[in-house]
Amino acid sequence: MASKVDPEKSKVDEEETRTCEIEEVALVVPETDDPSLPVMTFRTWFLGITSCTILIFLNTFFSYRTQPLTISAILMQIAVLPIGKFMAKTLPNKDFNLMGFKFNLNPGPFNMKEHVVITIFANCGVSSGGGDAYSTGAITVMKAYYHQSLSFLCGLFIVLTSQMIGYGWAGLLRRYLVDPVEMWWPANLAQVSLFRALHEKEHKAKGMTRMKFFLIAFAASFFYYFLPGYLFPILTFFSWVCWAWPHSITAQQIGSGYKGLGIGAFTLDWAGISAYHGSPLVTPWISIVNVGVGFIIFIYIILPLCYWKYDTFDARKFPIFSNQLFTNKGLKYDTTMITTPQLDLDIAAYDNYGKLYLSPLFALSIGSGFARFSATLIHVALFHGGAILKQSKSAVNNAKMDIHEKLMQSYKHVPEWWFLIILFLSVALSLLMSFVWRESVQLPWWGMIFGFILSFIVTLPVGVIQATTNQQPGFDIIAQFMIGYVLPGKPIANLLFKIYGRISTVHALSFLSDLKLGVYMKIPPRCMYTAQLVGTLVSGIVNLAVAWWMLEGIQNICDTDVLPPDSPWTCPKYRVTFDASVIWGLIGPRRLFGPGGLYRNLVWLFLVGAILPVPIYVLSKIFPDKKWIPLINMPVILYGFAGMPPATPTNIASWLITGAIFNYFVFRYHKRWWQKYNYVLSAALDAAQLSWVS
């Protein structure tokens, strides 16, 4: 079904059109459009829903593994191409009428726009089942760790409403995070490059085609995975320090790639390099520099000083790197000793059992989260506040647009009230859940509203950072910190508040990123709306069904005390979620970070984070000719410590080195190669890795 367009609008006045001012975008994204191409065809619907279902199944399934894995949409992006072309050759060119809806099974050759929308469907299977699957994580914690009785319908409400609220935020914030030229969403360029490699014909005289390069890189990576995956697992993490001094505890603390600082350790496994910050090939060089500065300061300066010199927080009683919770004797903290049958904190039992302690890296990671939250708000207010205010006052049509946004004027836009209906319906169902399943969710109606407000406030500043740097400063800790003070001793309420106060923002940013991809590939906005909405509903239902099946069907899943040592179902990803519910919900921030709490001084990092962007902003105004000063991004610097644990220093260090090679040296000295192959290489590496685990 071809999208209706206005032929007059599709003609862009060349005098008013300018190439995108973002160099990476100008080098990669095509500046043409063919509005006559059919988009929402039978092939699109069939392959899109199928891709979404397969990806959500695989991502949910692998999230419970000892080595969790997120399968990106790139795998489906490649797999559906031959299927789409096969359908174009074999399906009859015949019109059908189904309940008044007319469609043609085969409207012509399988085109790039169909392929893009199928990938949008597939992306819903990633954001729900992969890296952003916190709603499933909360349900897993409720059933596997707290052994709570939870109805499937309540779980479905949690999964769907949290995503739909994010969809509503995305619709309201499009004018700030999609329309402006400066919001370029770097991660999308890898998909744009792959689409062009798969569909566009190139002249061989200009060197190897992108498609041929992709196939060679894919095959080489596929066969290379034999080495770290099967023949030489040591290549996943190798530490020459541990190898040289195998019996030294200090050497293990310094050099271990799994349990130490990772000095001298490295990985040659793409899965290890891209596991936590995504592909370094699609991250801008200046973002890599900022992350690297933060990583070096925290891991190689602050953490060693706190551990070996000052013994901060009794650090030497515990492993330097661990996501476990400890007693004051360094033993594993048993949360069953301090909970009531209703999953509330038993204060008398807590006082008798003793205080909770964290590993030094875990504690500092929480502190960096405090600083990152306040730094994000102040940084965006100082450096982008004027542009946001201007965008609020002016009509979208009068805002600065590049050629891509001007080409999109050919299509009908999605009215804002379409998103508002979804938002209001999701809010109403969430509030209904807080009354009907009050004992299960523990979060009262006013807590839900508090979460909605927090999510809306934070989505814009975090989105600005991600849209310009490809890094998403998390504020998970802040959401749990806030509700932990208001509702102490309620771990399930804490989990639910994080879902609605933080994870709905994650889903909103995923939707916004896809909307920008739609702009780059000139997909009609109403087709994007339909694909995202249907994909979200399908992925949410399948996501919960698979998680429920595994939680009910695998005995002792996630219980490391009972599972055999070689069990693949230890759920480290969800263990971190459980630990967070204990720290912020069950015991509460007041006992850990309030007056008299062992970690009370970390709260000062809120103030430190708020102050850090100010001198950078002042210097940028005093020395406007120094263009490098505004590139110092404090939220991203503080993000250099994010994700640890479960991410290890070796993961991040290898990510930094790889990013420096391609996005500095190759980009600077071999720009034509970078322009043609860099993002294609990223896609090939991702696809090869995922082919093995799938």
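Reader: How many aromatic pairs does the count come to here?

Author: Please keep in mind that this is a predicted model. A pair of aromatic rings is described by the distance of the centres and the angle of the planes. Here the count comes to 46 aromatic pairs. In one of them, Phe218 and Phe222, the ring centres are 6.1 Å apart and the planes stand at 25°, which is under 30 degrees, so this pair is stacked. These two residues both belong to helix H9 (residues 210-224), where they are four residues apart, about one turn of the helix.

Reader: What is the angle between the planes of Trp417 and Trp418, and how is the pair classed?

Author: The planes of Trp417 and Trp418 are at 80° with the centres 6.0 Å apart, and because an angle over 60 counts as edge-to-face, that is the class of this pair.

Reader: Which residues do ring pairs link into a cluster?

Author: The cluster joined by ring pairs consists of Phe313, Phe370, Phe481, Tyr485, Trp584, Phe593, Tyr599 and Phe606.

Reader: Where does the charged end of Lys143 sit?

Author: The charged end of Lys143 sits over the ring of Trp548, 4.3 Å from its centre, and that of Lys309 sits over the ring of Tyr310, 5.5 Å from its centre.

Reader: Is Thr648 buried or exposed?

Author: Thr648 has 5% relative accessibility, and because buried means under 20%, Thr648 counts as buried. Thr648 is placed in the loop between helix H28 (634-638) and helix H29 (649-669), and its C-alpha atom is separated by 9.2 Å from that of Tyr276, although the two residues are 372 residues apart along the chain.

Note on methods: Residues are numbered from 1 along each chain as its sequence is written. This is a predicted model: local features need pLDDT of at least 70, side-chain atom pairs count only at pLDDT 80 or more; totals for chains, interfaces and linings use all residues. Side-chain values use heavy atoms; hydrogens and water are left out. Buried means under 20% relative accessible area, exposed over 50%, partly exposed in between (1.4 Å probe, protein chains only). Rings of Phe, Tyr and Trp (its six-membered ring) pair if their centres lie within 6.5 Å; planes under 30 degrees apart count as stacked, over 60 as edge-to-face and the rest as tilted. A charge sits over a ring if NZ of Lys or CZ of Arg is within 6 Å of the ring centre and within 35 degrees of the ring normal.
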